[in-house]
Every structure is written in C-alpha cells, then in structure tokens.
Amino acid sequence: MSQRRLQNPIAPNLTAPSRTCKRDRCKMTRFLPLLTASLIALAAPMVLPGPGLAQENLFAPRLVINDQAVTEFEFQQRRLFLQLLRAPGDLDKVALDGLVDDRLRMQEAKRYKITLKEDDVRKGMEEFASRANLSADEFVKALGQAGVEPETFRDFVTSGLVWREIARGKFANYAKVSDEEIDRVIEAETRKMALTIAVSELIIPAQPGQEDEALDLARRLSREIRSEGAFASAVAKYSAAASRQRGGRLDPMPMANLPPQISSVVLPLAPGQVSPPVPIPGGVALFQLRSITEGKPTDAAPVEVEYARLTLPTESAAQMAMVQTKAQTCKDIYGLLPGLPAEQLVVEKAAMSAIPADTGLTLARMDPGESVIRARGTAQELLMLCSRAPVSETPVDREGLRVRLVNQKMEKMADQYLARLKADAIIRTP
C-alpha cells in the first residue's frame with residue numbers, strides 16, 4: 001500500500017527560513033495534530049474555582065523569554081484554565097512551564113513566517129472542546145463563567161497548531177516508517193495477546209506539589225528492591241493501592257489487558273525485577289514481574305502467518321547457507337536467487353490452524369525474518385517467517401499504523417527540538 005502524502009499548506013519546508021519550498025519537500029504523511037505537548041486530556045468534568053483573579057499588577061511581567069514577557073494576567077489565566085481541566089501536579093509550575101513553551105513555539109512560528117487561517121484555529125478549538133462533549137462556543141462560555149477569557153483558550157490552541165506546522169516542515173522528511181517497523185508492531189501486538197502476566201504493584205501517592213518527592217522515592221525503591229519479600233515490605237510501608245493487603249499481588253492477566261504505558265515497562269523485565277517508575281494521576285507506580293507464561297492455545301487470539309518455503313537439492317547446501325545468512329526478509333530471497341522455478345520458492349499466508357503441525361510449531365518459535373533449514377528427503381527446505389498478525393474480520397490497517405508511527409517519531413523530534421530551544425533561550429525574572 002502506498003503512503004498517502006499531502007501538501008503542507010502553511011509550513012511546507014522549515015529546514016531554513018529563507019529557502020524556496022521544493023515540491024518533493026512540501027509533501028508529507030497526514031498525521032494527527034501534534035498537540036500533545038500543550039494539550040491536557042479532559043478526563044474529568046469542569047469544576048468552578050473559588051475567588052476571582054487578583055486585580056492589581058495583572059499586566060506586570062512575570063517572566064521574560066528572549067525579551068518577550070509573560071504577564072501576571074497570562075499566568076493567572078493559564079493557571080485557572082489548568083485548574084478547570086483538573087490538570088495534575090503543581091499548577092504554578094505547570095502553568096509557567098506551559099507559557100514558556102508557548103512563547104518559544106510562537107517565536108519559532110514568527111521566525112518561519114507561519115500564520116494560521118481563522119478556519120484552522122476554529123477547527124482546533126472545536127476539536128479540543130469536543131473532548132468535553134461541547135462545541136467551541138459552549139466550551140468558551142463555560143470557561144468565561146469561571147473567569148477564563150476566550151483569548152486564553154484561543155492562544156492555548158494556536159500555539160499547539162503552529163507547533164504542528166513547524167513539526168511538519170522540519171521533521172516530515174525524516175520521520176519515515178518502513179514496512180519492517182509496521183510488521184514488528186503487528187508482531188508485538190500478537191505476542192502480547194498470547195501472554196499471561198503476573199505482577200505486583202506499589203502505588204506511591206503524591207499530593208499536589210509533592211510529585212518530585214514521590215518520584216525520587218520510587219526511583220530509589222526500583223534500584224534497591226531485589227526480591228518479592230522486599231517488594232512486599234515496601235508495599236506495606238508505602239503503597240496506597242487496594243492490593244496493599246495482598247503484598248501488592250495482582251491476579252494473573254492477559255498482557256493485552258495492561259495499558260500500553262505499563263506493559264511496555266513490564267515486558268522487558270525478568271521475574272523478580274522491578275520496573276522504572278511510571279507516573280500516574282495522583283502518584284507514581286512501580287511493578288514487579290512475578291512471571292510471564294505463554295497462553296494456552298484456546299486462550300490465544302487466532303493468528304495468521306505469512307511464510308516462505310525455499311526448496312533446493314541437498315548438494316546445494318552452500319547456496320542454501322548463503323541465503324540463510326544474507327536474507328533478512330522473505331523478499332530478499334527473490335533477489336539472492338533470481339529466476340527460481342515457482343515450485344521451489346513458495347510464499348504462503350494462512351491461519352496457524354490451517355498449517356501442518358510440524359511447520360506451525362516451527363513458525364511459532366520464530367520472529368519475522370528468522371529462518372531454519374530442514375531436511376526433506378533428497379532436498380533441503382529453508383523455512384522463513386515473513387510476518388505474523390492477529391486474524392481479524394477486517395484487514396490490518398497498515399496505513400493507519402504507519403501514520404501512528406510517523407506521528408510518534410515526529411512528536412519525539414519536536415519535543416527534542418523544543419528542549420533545545422528552551423536550553424538556548426534567555427529566560428529571566430524581571
């Protein structure tokens with residue numbers, strides 16, 4: 001499937017502000033808005049604050065970023081906005097950090113001469129408001145009743161939108177995703193479905209403003225704990241979870257039941273090891289892996305595999321060994337042995353339940369790109385696993401996966417770029 005690419009209407013090429021945009025650099029893969037650095041999910045309903053904003057010195061500079069001020073009014077508005085969204089953490093710090101990031105984003109937008117159409121801003125506001133099941137006008141009205149000016153919301157969304165355009169222009173040509181990367185994601189999802197995991201949890205609560213202390217404690221415990229007994233002792237002393245009475249032990253569960261941010265830190269662990277800290281709303285979590293077991297065949301999701309079978313005479317052992325050494329994917333075999341008769345190189349796709357038992361058992365132990373050589377009478381057979389995927393009534397959306405992976409790469413690049421801008425910026429208190 002070919003990758004869909006769209007013209008960037010606002011920031012086609014940001015590698016240098018003065019260069020003329022070339023056609024092939026003005027196209028990019030369509031991706032979801034890169035607002036994650038500045039948007040906070042509306043996971044809870046709004047709550048109205050208590051007293052209104054202070055009325056004196058509202059327009060005095062609170063902070064200056066590269067000679068551009070953030071006023072006390074902007075700070076109080078952002079803090080109130082975050083309070084209404086029930087943002088976690090120290091709201092003073094989160095609000096000020098967010099305003100610094102927004103100033104840097106908008107300064108970059110000015111440097112690259114990026115401007116937004118009114119329709120684009122409106123769509124961004126509608127998208128954000130929809131997370132609270134409101135229209136943009138309803139959302140603005142609710143904010144206004146709580147003391148937040150419409151411009152505060154608009155500026156918040158605008159900085160995220162221009163940052164998306166900057167990310168498009170600077171990183172679209174570098175955030176490529178190969179077919180092999182997509183195959184690995186599909187393979188990982190398949191393996192998670194077939195695994196049963198047993199873990200223990202330790203939830204360290206953190207009151208607003210105490211997040212750093214909780215994180216430091218979690219890091220220390222992660223380094224020091226070396227046994228299930230030590231983990232259980234730490235649970236008894238620090239954990240606020242309901243599992244505290246059981247030493248933190250959770251019942252075994254399918255790996256797919258865990259949220260991705262947890263399964264990704266648990267899966268690499270060996271039994272007895274403790275995960276790195278995982279920030280969660282209101283605290284920090286640690287997990288100790290007790291065991292990972294393969295699920296029973298009846299428990300595992302149906303799996304479909306694509307595999308290659310190369311058959312050569314026994315006297316062609318050197319040629320077969322060459323193919324096994326050099327072929328990294330099933331497609332490579334065609335290039336290594338061009339012109340083979342069709343019956344000697346066969347690529348098949350089938351559900352595991354439809355594959356002969358001996359072949360299925362061999363494939364089950366393999367990762368995509370791995371191969372084995374098997375004797376077949378007077379011939380040798382090279383068996384290579386091309387891909388593995390869960391069987392679904394609808395085809396795997398490879399293009400959707402590609403877009404998601406491109407988004408992730410671009411978001412990471414954009415975060416690193418913003419961190420460099422902040423490190424180079426002159427940020428001072430008046």
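Visitor: What makes Asp90 a cap of the N-terminal end of H2?

Guide: In this predicted model, a side-chain oxygen of Asp90 lies 3.1 Å from the backbone nitrogen of Asp92. A polar contact is a pair of N or O atoms within 3.5 Å, where, within protein, one must be able to donate a hydrogen and the other to accept it, and residues adjacent in sequence count only if both atoms are side-chain atoms. Local features need pLDDT of at least 70, side-chain atom pairs count only at pLDDT 80 or more, and totals for chains, interfaces and linings use all residues. Residues are numbered from 1 along each chain as its sequence is written, and side-chain values use heavy atoms, without hydrogens and water.

Visitor: How do you know that the span of helix H2 agrees with expectation?

Guide: Helices (H or I, at least four residues) and strands (E, at least two) are DSSP runs, numbered from the N terminus. The expected span is 1.5 Å times one less than the number of residues. For the 21 residues of H2 (91-111) this gives 30 Å, and the end C-alpha atoms are 30 Å apart, so the two agree.

Visitor: Why are S10 and S11 described as edges?

Guide: The open sheet has the order S10-S9-S12-S11. S10 (345-351) and S11 (371-376) each have a single partner strand, so one side of each lacks a neighbour in the sheet.

Notes
Two strands pair if DSSP finds at least two bridges between them.
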